[in-house]
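Here is a walk through one structure, taken step by step. Keep the sequence and the model side by side as you read.

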Amino acid sequence: DTAQAEFVHRQLTDKSAALILLKLMQQVNSYNIVKGNPQGISKHFGIVIRDFHTGIRSLKKLDFVRKYTKYEYMLNPELSFNGDDRQYFIVKHMWDTQTSRGLRK
């Protein structure tokens with residue numbers, strides 16, 4: 001949707017964050033999750049680890065990305081999702097019931 005794209009564009013003033021978001025969107029699985037540790041993900045993306053950390057920090061502040069588990073990052077399903085309605089509600093529930101520190105108790 002064009003309005004969402006414009007919103008994201010206005011929010012992402014950090015070029016590292018924009019690059020990381022684009023790379024994550026290309027690699028998400030059906031649960032909006034990218035698996036891997038920062039070193040592995042940055043190596044896979046072909047970027048330096050410092051840029052990964054800078055970008056992911058900005059994305060977390062904007063609530064575009066959350067660290068789901070120790071080795072998983074989750075994209076906000078309201079920002080980007082490529083599945084059917086049923087899958088969306090599952091992913092949305094996963095997003096709503098966890099924090100950047102892991103699953104809520």
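How many aromatic pairs does a search of the whole structure find? The search finds three. Bear in mind that this is a predicted model.

Take one of these pairs, Phe52 with Tyr73. A pair of aromatic rings is described by the distance of the centres and the angle of the planes. For Phe52 and Tyr73, the centres lie 5.8 Å apart and the planes stand at 80°. Planes over 60 degrees apart count as edge-to-face, so Phe52 and Tyr73 make an edge-to-face pair. The two residues come from distant parts of the chain, 21 residues apart. Phe52 belongs to helix H4, residues 49-61. Tyr73 sits in strand S3.

Strand S3 leads on to the sheet. Three strands make up this open sheet, and their order is S1-S3-S2. The pairing is antiparallel. Strand S1 (33-35) and strand S2 (65-69) are the edge strands, and each of them pairs on one side only. From one strand to the next, the twist averages 30°.

Now look at the two pairings in turn. Strand S3 covers residues 72-75 and pairs with S1 over three bridges, in the antiparallel sense.

Together S2 and S3 form a hairpin, with two residues between them. Thr69 stands opposite Glu72 in S3.

What remains is the space inside. How many cavities of 30 Å³ or more does the count come to? The count comes to one. The volume of the largest cavity is about 30 Å³. Which residues line the largest cavity? The lining consists of Met25, Val28, Asn32, Leu75, Ser80, Phe81 and Asn82.

Key: Residues are numbered from 1 along each chain as its sequence is written. This is a predicted model: local features need pLDDT of at least 70, side-chain atom pairs count only at pLDDT 80 or more; totals for chains, interfaces and linings use all residues. Side-chain values use heavy atoms; hydrogens and water are left out. Two strands pair if DSSP finds at least two bridges between them. Helices (H or I, at least four residues) and strands (E, at least two) are DSSP runs, numbered from the N terminus. Axes are lines fitted to C-alpha atoms, for helices over the stretch in contact, and angles run from 0 to 180 degrees between N-to-C directions. On a 1 Å grid over the protein atoms alone, a cavity is a set of points where a 1.4 Å probe fits but cannot get out, and a pocket is an open set with protein on both sides within 12 Å along at least five of seven lines; lining residues have an atom within 4 Å of a point. Grid points are joined across faces, edges and corners, and a volume is the space filled by probe spheres set on the points. Rings of Phe, Tyr and Trp (its six-membered ring) pair if their centres lie within 6.5 Å; planes under 30 degrees apart count as stacked, over 60 as edge-to-face and the rest as tilted.
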